[in-house]
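Please consult the sequence and the structure shown here before reading on.

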Amino acid sequence: MSTSVTRTVEQVVDTVRYPLSDPDSADWKTMVIRTRGELETLGCSVLPAFIRPSLAAALREECATVAPRAHYDVETVNAYNIDVDSTIPEGHPGRIAIERGNAFVARDRIPREFIIHQLYSDELFQRFIADCFELPRLHELGDPLSGLCLNVVNPGMEHPWHFDTNEFTVSLLTQESEAGGIFEYCPNIRSAQAENFDDVRDVLTGRGERLIRRLTLRPGDLQLFKGRYSLHRVSEVEGRTARHTAIFAYSERPGVIGSVARTKQLFGRVMPQHLAAEGRAVRVDQLLD
């Protein structure tokens with residue numbers, strides 16, 4: 001497909017399987033009700049083969065061309081992505097060290113004509129996502145780097161256990177690994193009112209199998225996920241092929257920009273917008289991260 005073509009929901013999404021052309025239609029409402037139900041009961045909903053089959057190769061190739069632009073930084077972190085200091089007591093799950101080896105391609109390094117960029121900015125797609133999460137509307141992040149990014153997990157690496165800063169996450173697998181790279185999550189292991197450290201510690205120390213669900217995703221699958229309250233990871237990628245996932249970051253509020261520390265950790269750099277917004281973040285809860 002020519003990169004000059006403007007891709008909209010009608011051109012990109014398999015509208016035979018997911019008829020998203022009319023937000024007032026019965027088909028739209030049926031899809032939304034099903035997705036809401038899965039989010040409520042499982043904390044996650046997957047829409048298989050969301051992208052048109054004819055675009056599968058282009059989706060993979062576009063993202064593969066920018067994957068080398070990812071910021072790589074193998075580092076020791078914890079599930080909360082916070083500094084470990086004297087305020088965290090011994091035995092706290094935040095003291096459990098994890099090696100993070102995944103990488104991110106920032107939005108400003110993803111061409112606007114790419115499928116994932118066009119879909120991210122499409123108003124009809126945004127309306128569908130908002131309906132699924134029972135929100136009046138969504139806003140693209142004001143963050144020039146993290147609004148849209150490509151998560152790259154190379155062979156031998158994993159995206160370790162963590163919680164998301166946003167209450168909800170939207171992602172699209174664009175390239176699967178030969179083996180491994182399984183999405184694992186613990187639905188609603190914590191809430192806005194309770195950290196539930198005991199269960200989190202069990203998962204991080206290998207004693208929480210009872211709490212873990214696993215999903216094998218395929219390229220073109222759209223995933224809606226409540227990552228703020230569900231501990232999750234991508235297991236180690238095996239074989240010779242990296243795992244690529246587009247992450248669509250939205251907010252209920254306009255102009256949301258990431259912190260300087262977190263942005264530098266993920267992308268290795270910050271922009272003037274991050275420096276200007278530092279200290280003005282509004283939290284939705286009092287959870288650790």
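Strands β8 (residues 169-175) and β15 (residues 243-248) are joined by 5 bridges in the antiparallel sense. Within this pair, L173 lies opposite T245 of β15.

The model is predicted: local features need pLDDT of at least 70 and side-chain atom pairs pLDDT 80 or more, while totals for chains, interfaces and linings use all residues. Residues are numbered from 1 along each chain as its sequence is written, and side-chain values use heavy atoms, with hydrogens and water left out.

**Sheet**
- The open sheet has 6 strands in the order β1-β12-β8-β15-β6-β4, with antiparallel pairing; strands pair if DSSP finds at least two bridges between them.
- β1 and β4 (103-105) are the edge strands, each pairing on one side only.
- From one strand to the next, the twist averages 25°.

**Helices on the sheet**
- α3 touches β4, β6 (148-153), β8 and β15, where contact means heavy atoms within 4.5 Å.
- The direction of α3 makes about 95° with that of β8.
- α5 touches β1, β8 and β12 (222-225), and its direction makes about 40° with that of β12.

**Loop residue P53**
- P53 is found in the loop between β1 (44-47) and α3 (56-66).
- At 63% relative accessibility, P53 counts as exposed (over 50% relative accessible area, 1.4 Å probe, protein chains only).

**Confidence**
- The protein chain averages a pLDDT of 90, and 95% of the residues score at least 70; pLDDT is the predictor's confidence in each residue, from 0 to 100.

Key
Helix = DSSP H or I, 4+ residues; strand = E, 2+ residues; numbered from the N terminus. Buried < 20%, exposed > 50% of the residue type's maximum accessible area, 1.4 Å probe, protein only. Axes fitted to C-alpha atoms, helices over the stretch in contact; angles between N-to-C directions.
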